[in-house]
Amino acid sequence: MESSNTPEQTPGGSVLETPAGTPPAAPPPAPKTAVPAAAARPVPQPGAVVESSSGPINKMRRRIVWASVAGFLLTSFLMFLRFFLPRSILEPSSTFRIGPPSDYALGVDTKWQQQYRIWVTKTSDRLFVIYARCTHLGCTPDWKASENKFKCPCHGSGYDSEGINFEGPAPRPMDRAHVELDPEGQIRVDIARLYDWTKGEASEFDEPGAYIPL
């Protein structure tokens, strides 16, 4: 059997002879093309767990929620304990000092009315302290310097500068607090010890402790 040569043409136009029986050359591989970025991403399979990119935010939210719950529980527990603790009411002391007698001029001094509910009255021969409480219903009268009297704004009871009632429904004079001089010459007042003048009974205003002689 005779062999025959098959002519092949080169890209330049020249003809090459290929010996008979030689298999044809394989075609050149196709050029690789770039794969789009979207196509390169793996497609999640059904049922696969996808991790969220907001992990730190979720952790912060969980911390805030747990902190709020813990704060609420702690507050409730403290309130529960407070319910069983004894409750004490802090009241100001009934005994206090108001300075030496030389600090006061003749007449009525009202500078301690708001703090201690008292008036300091000084006459030519004595100093005493009036407890600022109306003997009618316990209201606090006002000192009317222009009228030289105490006047209760509730029901119109009137008292002179020494606390003696003369008008209105007040049944008796206002009480006087215990006063004495301490070793430093300061006036010590005790509003827990009061001297009164009940209608039809003897007055306590001249007893020792009801006034300081001058």
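Reader: What makes the strands 7-8-9-10 an open sheet, and which way do they pair?

Author: In this predicted model, four strands line up in the order 7-8-9-10, with antiparallel pairing. Strand 7 (142-144) and strand 10 (165-167) are the edges: each has a single partner strand, so one side of each is left without a neighbour in the sheet.

Reader: How do you know that strand 8 and strand 9 pair?

Author: Two strands count as paired if there are at least two bridges between them. Strand 8 (residues 149-151) and strand 9 (residues 158-159) are joined by two bridges and run antiparallel, so they pass that test. One place to look is K151, whose bridge partner in strand 9 is G158.

Reader: And what makes strand 11 and strand 12 a pair?

Author: Six bridges link strand 11 to strand 12, in the antiparallel sense. The requirement is at least two, so they count as paired.

Reader: How many bridges does strand 11 share with strand 6?

Author: Strand 6 and strand 11 pair over two bridges, again antiparallel. Look for I130, which has R176 of strand 11 as its bridge partner.

Reader: Why is a group of residues called a nonpolar core here?

Author: The name goes to buried nonpolar residues joined through side-chain atoms within 4.5 Å, and buried means under 20% relative accessible area. The largest such core has 14 residues. I98, Y104, I118, V120, V129, I187 and V189 touch the most other members. Strand 5 (118-122), strand 6 (126-131), strand 11 (176-181) and strand 12 (187-195) each give two or more residues to this core. Strand 6 gives the most, with three.

Reader: Which residues is V189 in contact with?

Author: Leaving aside neighbours within four places in sequence, V189 is in contact with S94, T95, F96, I98, V129, A177, H178 and V179. There is also a second, separate core of 12 residues, including V108, W119, C139 and A170.

Reader: What makes L74, F77, L78, F80, L81, F83 and F84 a nonpolar surface patch?

Author: To be in a patch, a residue needs over 30% relative accessible area, and nonpolar side chains are joined within 5 Å. Those seven Leu and Phe residues make a nonpolar surface patch of about 790 Å², so they meet these cut-offs. One of them, L78, is found in helix 2 (residues 55-84).

Conventions:
Residues numbered from 1 in each chain as written. Predicted model: local features only at pLDDT ≥ 70, side-chain atom pairs only at ≥ 80, totals over all residues. Heavy atoms only, no water. Patch = residues over 30% accessible without salt bridge, like charges linked within 9 Å, V, L, I, M, F, W, Y side chains within 5 Å. Areas by Shrake-Rupley, 256 points an atom, 1.4 Å probe, with all protein chains shown as cover. Salt bridge = Lys/Arg side-chain N within 4 Å of Asp/Glu carboxyl O. Buried < 20%, exposed > 50% of the residue type's maximum accessible area, 1.4 Å probe, protein only. Contact = heavy atoms within 4.5 Å.
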